[in-house]
Amino acid sequence: MIISRLLFIIFLVSGWCSAQGYENKADNILIVYLSRTNNTKVLAEMIHENVGGNLVALELKNPYPQNYKSIVAQVAEENRTGFLPPLKTQINMDKYDTVFLGFPTWGMQLPPPIKSFLTRHDLKDKTVIPFNTNAGYGIGSSFRTVESLCSDCNILEGFSVTGGIERDGIYLAIKGNRKVEVKELLVEWLEKLKPLTIKN
Ligand SMILES: Cc1cc2nc3c(=O)[nH]c(=O)nc-3n(C[C@H](O)[C@H](O)[C@H](O)COP(=O)(O)O)c2cc1C
């Protein structure tokens, strides 16, 4: 009796997985993201729920200051000088062929740690899919910079939504009804990508 119930559960779960359509590729999918106030992290987790794969938060050797004005000033200086902050997170890219790359907009640009990631990891010939949250001012030059730092990657259509407004004390904004709304948009986007990311 217990065994037949167990078999039934396995049957249901495997049916659900194949309905997602990503099951063959899950081991080859990396979802890597930078997030300070967790909005981008929520998107990363939603993508992970839908496509599986490995979920990795990028960490820095020297974390940014907590204070908003201090981080804004530091990021502006890093962007000005082209400084690439060293990463604590090192990823062996060999086993991945699809990389979901998540980041907030910082100073209307790609955050320096993502520039570090793209510069210090070999993503040649991999499929790269950017996703982003911002305070309502959009992606700025961030997606274009992904393209230029990853010119030998196959970059697919990215996804971007409004997240928090740290400047005004609004930190995690993708929660409650807003989370439900964002999830619908995100699933719609993933459905469009599916034929491009699954190779049989
Ligand atoms: C240093 C810094 C710079 C930012 N610059 C911008 C910006 O130029 N445009 C914008 O729309 N939002 C900007 N933001 C807001 C974040 O993009 C937004 O809050 C995002 O949702 C944060 O994502 P997270 O919660 O994953 O860290 C900035 C935030 C920080 C900390």
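Start by selecting the ligand: the space it takes is the largest pocket. A pocket here is an open set of points on a 1 Å grid over the protein atoms alone, where a 1.4 Å probe fits, with protein on both sides within 12 Å along at least five of seven lines; a molecule sits in one if more than half of its atoms lie within 2 Å of its grid points. This is a predicted model, with local features needing pLDDT of at least 70, side-chain atom pairs pLDDT 80 or more, and totals for linings using all residues. Residues are numbered from 1 along each chain, and side-chain values use heavy atoms, without hydrogens and water.

Next, select Ser35, Arg36, Thr37, Thr40 and Met108, which come nearest among the 21 residues around the ligand (a heavy atom within 4 Å).

Now show polar contacts (N or O pairs within 3.5 Å). The side chain of Thr40 has an N or O atom 2.6 Å from a ligand oxygen. On the backbone, a polar atom of Gly107 is 2.9 Å from a ligand nitrogen, and an N or O atom of Ala135 lies 2.9 Å from a ligand oxygen.

Tyr68, Thr105, Trp106, Gly107 and Ala135 are the closest to its centre, out of 28 lining residues (an atom within 4 Å of a point).

Last stop: the second largest pocket, with about 310 Å³ of space. Select Leu34, Ser35, Leu58, Leu60 and Pro63, the nearest to its centre of 15 lining residues.

Methods:
A polar contact is a pair of N or O atoms within 3.5 Å; within protein, one must be able to donate a hydrogen and the other to accept it, and residues adjacent in sequence count only if both atoms are side-chain atoms. Grid points are joined across faces, edges and corners, and a volume is the space filled by probe spheres set on the points.
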